[in-house]
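Q: I would like to learn how to read the contacts in a model like this one. Could we go through them together, one feature at a time?

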Amino acid sequence: MLRADGLTKRFGDKEAVCDVSLTLKAGELFGFLGPNGAGKTTTIRMLAGLLTPTRGEVRIGNHDLERAPREAKKLLGYLPDKPLVYEKLTGREYIRFMMELYDMPSDVLDEAESYLHAFALDSAADDLISGYSHGMKQKIALIGQLTHRPRVLLLDEPTVGLDPKGARTLRETLRALCEQGVAVLISTHLLPVAEMMCDRIGIMVSGRMIASGTVVELQSRYHTDASLEDLFLQLTDATEGEPAG
Amino acid sequence: MTVCSDWQKVRHLARYQRLMARRGIQSRALWWLARGVTVAAFGALAAFCVLVMATLPPGEGGRSNLLMLIFLGGGAFLLYLELMVLFNRLCVIPFDELLVSPLSGRAVLMERMYEQVRALPLYALLVIPVVITYGVTENAPLVFYPIALLAVFLTTTAIYASAALLLLLLLTFLKRRMSRETLALISSIVAALVFVIPRILDASTAGHGFQINLQGAVWSMLPMIWGARMIAAVAHAAPLQAVLYGLLLCAETVIIAGFALIWANRHLHDRIGRLYDGQHRARQKRVRSSQRARRSVWRVLPLSPATRAVLYKDWVRLRRTPSELIGLLFSALYLWFIVLRPGAGGFSGAWQLVIMICVVTLPTVRLGLSGLGLESAQVTLLMQAPASPGDVLIAKWLYAFLTAFGWSELSLLIYVLIIHPPVSAVVLTAICLLPLVAASSSITLPFAVYYAAFVATARQGRQRNIYTKPGISLQWLAQLPLYVLQAGILLYGVAPDWPGQMPALASLLTGSATMHVVLAIVASVAVAAVVCLIGWGMALKAWRRRLFLMRESGALD
Ligand SMILES: Nc1ncnc2c1ncn2[C@@H]1O[C@H](COP(=O)(O)OP(=O)(O)OP(=O)(O)O)[C@@H](O)[C@H]1O
Ligand SMILES: [Mg+2]
């Protein structure tokens, strides 16, 4: 569903992301891990078409993101780490706005209503978003991305600010989406969550993807049966300890 | 002792403010140009005042009166500026970081007042040349000049202090943070009251236009004039009076400033906390989600879905931001001023119509600017959506154009109901408003794209429109020729039906009235078409470039 080849991004003379390749198959949930400043957000923004890669290319479905941006973006949902919503709209209006922006038929509104209910937002859905808390904004932004039925969903730390129930709903929603064949990429710092829900995991350190595969694959590759957390710390410490080069 | 340590902290904070301001400046050349335009405008005003002062006949107190008038006008303006700056810094922009830090209320007020020093040079630029001219024409002794400078300085500090006092009054009554536009409204009302109240109290001063007699007793109540009285007393060798006014000014400043600082120390934190509280409660209020009943009407418009979505969203936002509309109502106030007083400012008939149109349509340019700027960080939503750059720009242009057009036609209607101009003139104006507003919104567009700040920085917090960079004032230079041209065309079109409007041009006016009207419409549309093409081309280019840069750097500025 999504293919990225040799993605590299330089900011001035700083290389934030270096030669990252990844594939997301339909119905797959990919967990994106890495310490602060590793380049996760930068990679995801390149996948979403918000950053132009210095090198490398991204294909969404059968469309090249660079050459056919409109077709590619129609398939793409992206939730940034800071929720982007229009404060002067109400929750329902925002959803409607997203629906029209992506030119969806109006029957997705019923679907959105069920999401509003699932995320316990239905009582606040007619309030102005400016009065929402951080977690509520996060939820409404997520629902806005779900309403246009993306085939590839990129979520940057979506669990930050969500209450336990919201986090569980999110997990269940993502599972359901995967069963419908949506490819989901989610970046997170919560390793137990990643271990529990993701099919495959990629670990990024200093702009490079140092390991990717299922948890079991990773464990057997590094000859350990430690938890993902221990494995992660072991890998990142080892990589960051190396001299640069 | 504590005042000293507070002052140290204030200096420290001000240094960071300046640092952030410097980082906020995008282009130094444009910044200087914008500054230059302001200074030039004030310089021109000062030159005009000097000229008038120099040509006044000696005696009769005419010059003293003018001096007082300039002190009064300049003082009212300074008061307005300072109210704007101070209120803005205290009641509009949130500054939690100062409120949670262990700073005394006095230090916070001092820090906020420290900003105002910027307005001082403008006031001095206006007043000092006039004072010097006054001294020269009145043959004042040499000692006059240093004392006059002292008087100017004392007046300025007195006005500072008064602004602080008014702020305290406002804070006592205000229940929540206000918008910039409400602030502008209140400040200008205060500044206008300075002129109006004494005139009401003292009927004898009610002269024609600006020929107010300021010698009356009521005017002596205004601290802004004390400085001028002091200067006049020195020039006419009345030392006792001069000393009296000087002492009055000093006393006023000390009492008011002292009172303000003491009050701030006691109450500032909880008053401002209350503002924030009120703001929060007001935000919680429910609104009716718009149901979009007339969907079918929308579908008829040949627009892409993205354009339609953005346009509609902007309208909802405008409806929920009354402050933006207050900005437009300002111009309506001027409209009343012009319309209700026939012959005001020496204008009548067709001239009045033209001025009315400029006054009403020019402020609508703001809609075009804020339409893009207020996207702020949400602009990435539009970047990640399957919309072409053109889709977004069309939506922004339509938003500005349709809103401004509706507003202008409405104003015209009010004008017609009050003044009853000839029918043909009304029809012509109603038609010509379309190309005028269309062209005006298109020429705004490239500026809006270029200067939109999608991330508000500390410095931009002080601008009227938060998400617009300072250089935006340059776009008025682009509007000017357009308005002059369109106004000329309109005058040409209505001239035959409104005889006697332009005696100087009468010899040029030949042909029937219908021909005039038709020619005017054709010319107006042609001018607008050219301007629209240029504006659109530039805007699209600027927008593509902006998107390219944002994608390259990952930053929104
Ligand atoms: N617009 C930018 N300009 C310059 N450098 C940038 C920019 N955006 C990111 N960087 C740099 O790129 C590196 C990767 O940043 P990124 O935001 O991708 O990290 P991250 O993995 O998402 O971290 P976190 O877990 O904290 O969210 C950082 O060192 C950051 O300083
Ligand atoms: Mg990140």
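Q: What should I know about the model and its numbering?
A: This is a predicted model, in which local features need pLDDT of at least 70 and side-chain atom pairs count only at pLDDT 80 or more, while totals for chains, interfaces and linings use all residues. Residues are numbered from 1 along each chain as its sequence is written, chains are lettered from A and ligands numbered from 1 in the order in which they are written, and side-chain values use heavy atoms, with hydrogens and water left out.

Q: How many residues of chain B are in contact with chain A?
A: Contact means heavy atoms within 4.5 Å. By that rule, 37 residues of chain B touch 36 residues of chain A.

Q: And what is the area buried between chain B and chain A?
A: Buried area is the accessible area (1.4 Å probe) that two parts lose on being put together, summed over both. Here the value is about 3,500 Å², and carbon and sulfur atoms give 51% of it. Leu381(B), Gln384(B) and Pro386(B) supply 21% of the area that chain B buries against chain A, more than any other three residues.

Q: How do I read a salt bridge?
A: Side chains of opposite charge can pair when their charged atoms come close. The rule asks for a side-chain nitrogen of Lys or Arg within 4 Å of a carboxyl oxygen of Asp or Glu. Over all chains the structure holds 20 salt bridges, and two are counted between chain B and chain A. In one salt bridge, Arg320(B) pairs with Glu93(A), with the closest N and O atoms 2.8 Å apart.

Q: Which helix of chain B gives the most to the side that touches chain A?
A: Helices (H or I, at least four residues) and strands (E, at least two) are DSSP runs, numbered from the N terminus. Helix 12 of chain B gives the most, with eight residues. Helix 12 (305-320), helix 16 (379-384) and helix 20 (513-553) of chain B each supply at least two residues to that side.

Q: Which domains does chain A have?
A: Domain bounds come from an automatic or database domain assignment. For chain A, the assignment gives domain 1 (23-75 + 151-245) and domain 2 (82-149). The C-alpha centres of these two domains of chain A lie 24 Å apart.

Q: How do domain 1 and domain 2 of chain A meet?
A: 17 residues of domain 1 are in contact with 14 residues of domain 2 in chain A. The area buried between these domains is about 1,100 Å², with carbon and sulfur atoms giving 62%. One salt bridge is counted between them. Asp163(A) also forms a salt bridge with Lys139(A), where the closest N and O atoms are 3.7 Å apart.

Q: Where does ligand 1 lie?
A: Ligand 1 lies between chains A and B. A residue is near a molecule or strand if one of its heavy atoms lies within 4 Å of it. 14 residues surround ligand 1, and the closest are Gly37(A), Lys40(A), Thr41(A), Thr42(A) and Ser553(B).

Q: How far are polar side-chain atoms of Lys40(A) and Thr41(A) from an oxygen atom of ligand 1?
A: For Lys40(A) the distance is 2.7 Å, and for Thr41(A) it is 2.5 Å. A polar side-chain atom of Glu157(A) lies 3.3 Å from an oxygen atom of ligand 1.

Methods. A polar contact is a pair of N or O atoms within 3.5 Å; within protein, one must be able to donate a hydrogen and the other to accept it, and residues adjacent in sequence count only if both atoms are side-chain atoms.
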